[in-house]
Amino acid sequence: MRVLQDSLVAGLAQDRIEQGSPVKFRATRYRIVSASSLCPACGAWTQVVALVVPAEGQETLDACLHYVEHIPESVQSRVRALAPWYRLTAESYWANHCEHCDTRQDEYELHCEPGGAFMPAPGSPAQAALRLSAWDIPEPIAAIAGGVSHDPPF
Ligand SMILES: [Zn+2]
């Protein structure tokens, strides 16, 4: 996993991203958001998902998790039903895999690079796609994540 010092996260994005020590979240609800992303291995569009939870002490869903290290079985089964390509990797974090060629999609590229599926430029097709698919799950979640984006644009 790359750390913040090594990254070149441009402008506005930088102050919204935390990478480094794993962060624990506990909430009574969460959201699964879906977007489209170009697979760098096969060049096809594939669906990718992310978990969004309320940040500590917040009511609104404003923390988008990446490098998720732990989610409870109840959340895992939701994810398996909605997005079976998002699964635990050998590196012990959850990642999206291409629907076509099964290549693991880089969490950093999806979440931390401007233009990535979960950090779309305003008005970009990726942002429009994001709005199409979001599932609000009114069930508890406890998660440990290696990174979080605050106030995601969706
Ligand atoms: Zn692919």
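**Ala 143 and its surroundings**

Ala 143 touches Phe 25, Leu 51, Val 53, Leu 65, Val 68, His 70 and Ile 71, leaving aside residues up to four places away in sequence; touching here is contact, with C-beta atoms, placed from the backbone, within 7 Å. The model is a predicted one, where local features need pLDDT of at least 70, side-chain atom pairs count only at pLDDT 80 or more, and totals for chains, interfaces and linings use all residues. Numbering starts from 1 along each chain as its sequence is written.

Ala 143 also turns up in the largest nonpolar core: of its 31 residues, Ala 50, Leu 51, Val 52, Val 53, Leu 65, Val 68 and Ala 143 touch the most other members. Such a core is a set of buried Ala, Val, Leu, Ile, Met, Phe, Trp, Tyr and Cys residues joined through C-beta atoms within 7 Å. Two or more residues each come from β2 (30-38), β3 (45-54), β4 (61-70), α2 (73-82), α3 (107-112) and β8 (141-150).

Overall, the protein has 4 helices and 8 strands, read off as DSSP runs (helices H or I, at least four residues; strands E, at least two) numbered from the N terminus. Of the 154 residues, 31% are buried, that is, with 20 or more other C-beta atoms within 10 Å of their own; 12 or fewer makes a residue exposed, and anything in between partly exposed, with C-beta atoms placed from the backbone.

Asp 102 sits in the loop between β6 (94-96) and α3. Asp 102 counts as exposed because it has 12 C-beta neighbours inside 10 Å. From Ala 41, Asp 102 is 61 residues away in sequence and 9.3 Å away in space, C-alpha to C-alpha.

Conventions. Contact = placed C-beta atoms within 7 Å.
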